[in-house]
Amino acid sequence: MLVALLACLGTLGAARAQGLLGVLEEGRVLYRAGDERGAFEGVAPLEALELYLPPDDASRHRLRAVLRPERFNSGLAIRDVNARRTVFETEDFPEIVFEASGFSSAALPEAPPEGSETELQLGGLLTMHGVTRPVTVAVRLSREGERLVATGAFSVLLSDFGMSRPRFLAWQVRDAVEVT
């Protein structure tokens, strides 16, 4: 449902020297929500993900991820149409954006060993439904050949973003949504 990180980032090395570590090769957001009857999951592709790491100035490091809620797919079309109209109001708020800045270059080594894994906390701003809030994403980085894979997770409250919780008959979706 929201924005997070699950992205395979581009080739390391020369691009890093110029400050651009990677661009989106593939990425998706998984979300888990539920009500009294149980939980459901969905997926949405990331529209864009950019990571800019100038080697000379960590204060200028940037990560920007964009998601379009109209592309959410929970596996149940009626639920998805309802969420687009009543929860996300996609005509008025077509994008969800996560932006992080000024994070440590030590968290993203120049050439980490194959199979290595690093964990870090990435702070940023999540803009959804016209509201911007700070979020902290627990991120796991690993290297697969020439690709750096980042997986992040966090939880949000729909009410923090002024969003109505969907309901069906007597059941209403919980306020908290888990995002990966």
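Two aromatic pairs occur in the structure, a pair being Phe, Tyr or Trp rings (for Trp, the six-membered ring) with centres within 6.5 Å. Planes under 30 degrees apart count as stacked, over 60 as edge-to-face and the rest as tilted. The Tyr31 and Phe72 ring centres lie 5.4 Å apart with planes at 50°, so this pair is tilted. It joins distant parts of the chain, 41 residues apart. Tyr31 belongs to strand β2 (residues 20–35), whereas Phe72 lies in the loop between β4 (62–67) and α2 (77–87). Helices (H or I, at least four residues) and strands (E, at least two) are DSSP runs, numbered from the N terminus.

The model is predicted; local features need pLDDT of at least 70, side-chain atom pairs count only at pLDDT 80 or more, and totals for chains, interfaces and linings use all residues. Residues are numbered from 1 along each chain as its sequence is written, and side-chain values use heavy atoms, with hydrogens and water left out.

Tyr31 is buried, with a relative accessible area of 4%. Phe72 is buried as well, at 5%. Buried denotes under 20% relative accessible area, exposed over 50% and partly exposed in between (1.4 Å probe, protein chains only). Phe72 also pairs with Phe88. This pair is edge-to-face, with 5.0 Å between centres and 75° between planes. Phe88 sits in the loop between α2 and β5 (96–101), 16 residues from Phe72. Phe88 is buried, like Phe72.

In soluble globular proteins, nonpolar side chains tend to be buried together.

A charge over a ring is found at Phe40, where the charged end of Arg79 sits 4.0 Å from the ring centre. The criterion is NZ of Lys or CZ of Arg within 6 Å of the ring centre and within 35 degrees of the ring normal.

The protein has two helices and 11 strands, in the order β-α-β-β-β-α-β-β-β-β-β-β-β from the N terminus. Of its 180 residues, 43% are buried. Among contacts (heavy atoms within 4.5 Å) with a separation of 6 or more, 60% join residues 24 or more positions apart.
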